Amino acid sequence: VNELSQQVQKKYAPDRRTEYYQLSQLSSEPLSYKLEVTKAEAAAELKTLLMKENLPVSIKEEVLPAAGADAKVFGVANLSVINQRYAPNHAAEMATQSLLGTPVKILKKERGNYFIRTPDNYLSWTESAGIVQMTKSEFENWQRSEKIVYTEMFGFAYSEPSESSLPLSDLVAGNILQVLSESNGFYKVAFPDKRVAFISMKKAIPFEQWKNQADPTAESLLKTARNYLGIPYLWGGTSIKGMDCSGFTKTSYFMHGIVLPRDASQQALVGDKVDIFENDSLSIDKALKNLKPGDHLFFAANKKTGRVTHTAIYIGNGDFIQAAGLVRINSMISGSKNYDDFQSRTLVGARRILTAIGDSEITRVKQHSYYQEQINQ
């Protein structure tokens, strides 16, 4: 049973970050198992393989989310930043973060935590306090509602239409809130849990304007990226409260209304390849010739495996901006004052994402079903 299960898992859920597959034994006499999956095909194939082997096994399957039409399997992030982990407890490894107003799919609940899928297709656990559950109709109402996007790096939503009033919540760049009204230079906004607050109109833009902005140029993308200089590195971070390398690149794009894959190894599979090699070896000269500002650089700590573990954005003239210790600018040119020897030695690839916006997994918010239309159940 375990061998067949591993075979099916490898086929349908090889990456825990994007698909879920969990087989657990319920009893030995008779032999029975519980199978939780995000792909129904996985459960069907396992049952077929067990029947072919004439194994007397009972499988109780559950395709996530397992819920009826009125169930609250949708949600929206309710805090300025929610932390997400690989298991439903505080001691588990940090997986990622989501910003206030991020729409999610709720797959299941366990010990006061939700197992969720975010717009970048990432699976993780987060505390239920950070998510407001919604039915399908409630979620569609939120999708259709008038909203704003907070554009300052950091600030507050206030209890009254005055910045001298008490804060109701902190805010970070990219937070999305529902608009109730406008008056005297303030938006009156609602959080997903119906808390009401006020935000200066100078510090936010209408969601419709934000989602319909032109695709970023190299210049505009790098301007956004430089706003994060000095932000400390945080494993799993995607906000100004702390960023990891791919969280930094992902968030730089998100501020332009673009959803990228979450991790460096996933980002390394999208966009157009840029040739930086000569006879299968890295050529700095060729890299300097072929790279353009805004291109993504990818690094592997172990060049033997070639597994991508780090990413950065190329600025030009050999410089690149990365989250490593903190968000900083370094050079791949030996002898430069800001030369980064380690990253330059471990560079294994480059991709041009700016020319591939709209392709698979480089999705405009205005075309993303989580933000714009019903999520198919």
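1. Start with helix H5 (residues 218-226). On one side of H5, Glu219 and Lys223 are exposed. Exposed means over 50% relative accessible area, buried under 20%, and partly exposed in between, with a 1.4 Å probe and protein chains only. The buried residues of H5 are Leu221, Leu222, Thr224 and Ala225. They lie on the same side of the helix because they cover an arc of only 155° around the axis. The arc is that of the directions from the helix axis to the C-beta atoms. Helices (H or I, at least four residues) and strands (E, at least two) are DSSP runs, numbered from the N terminus.

2. A word on the source. This is a predicted model, in which local features need pLDDT of at least 70 and side-chain atom pairs count only at pLDDT 80 or more, while totals for chains, interfaces and linings use all residues. Residues are numbered from 1 along each chain as its sequence is written, and side-chain values use heavy atoms, with hydrogens and water left out.

3. What do the buried residues of H5 pack against? Their partners are helix H6 (245-254) and the strands S25 (310-316), S26 (319-324) and S27 (326-331). H6 is itself mostly covered, with 10 of its 10 residues buried. Among them are Cys245, Phe248, Lys250, Tyr253 and Phe254.

4. Phe248 also belongs to the largest nonpolar core, which has 43 residues. Such a core is a set of buried Ala, Val, Leu, Ile, Met, Phe, Trp, Tyr and Cys residues joined through side-chain atoms within 4.5 Å. Phe248 is listed with Tyr228, Ile321, Val327, Ile362 and Tyr371 as having the most contacts inside this core. Leaving aside neighbours within four places in sequence, Ile362 is in contact (heavy atoms within 4.5 Å) with residues including Ile258, Leu260, Val270 and Ile357. A second, separate core of 16 residues includes Val8, Leu46, Leu50 and Val57.

5. The structure holds two cavities of 30 Å³ or more. A cavity is a set of points on a 1 Å grid over the protein atoms alone, where a 1.4 Å probe fits but cannot get out; lining residues have an atom within 4 Å of a point. Points are joined across faces, edges and corners, and a volume is the space filled by probe spheres set on them. The largest cavity has about 190 Å³ of space. Its lining has 14 residues, with Gln97, Ser98, Thr102, Lys250 and Phe254 nearest the centre. Strand S6 (94-99) and H6 each give two or more residues to that lining. S6 gives the most, with four residues.

6. Look next at Glu36, in strand S2 (31-37). Is Glu36 buried or exposed? Glu36 is buried, at 9% relative accessible area. Its side chain makes a polar contact of 2.9 Å with that of Lys108. A polar contact is a pair of N or O atoms within 3.5 Å; within protein, one must be able to donate a hydrogen and the other to accept it, and residues adjacent in sequence count only if both atoms are side-chain atoms.

7. Check the backbone too. Most residues other than glycine have a negative phi, and most peptide bonds are trans. The bond from Glu29 to Pro30 is cis, with omega near -5°. The bond from Leu64 to Pro65 is cis, with omega near -5°. Asn184 has a positive phi, near 50°, and is exposed at 74% relative accessibility. Lys194 has a positive phi of about 80° and is exposed at 64%.

Key. On a 1 Å grid over the protein atoms alone, a cavity is a set of points where a 1.4 Å probe fits but cannot get out, and a pocket is an open set with protein on both sides within 12 Å along at least five of seven lines; lining residues have an atom within 4 Å of a point.
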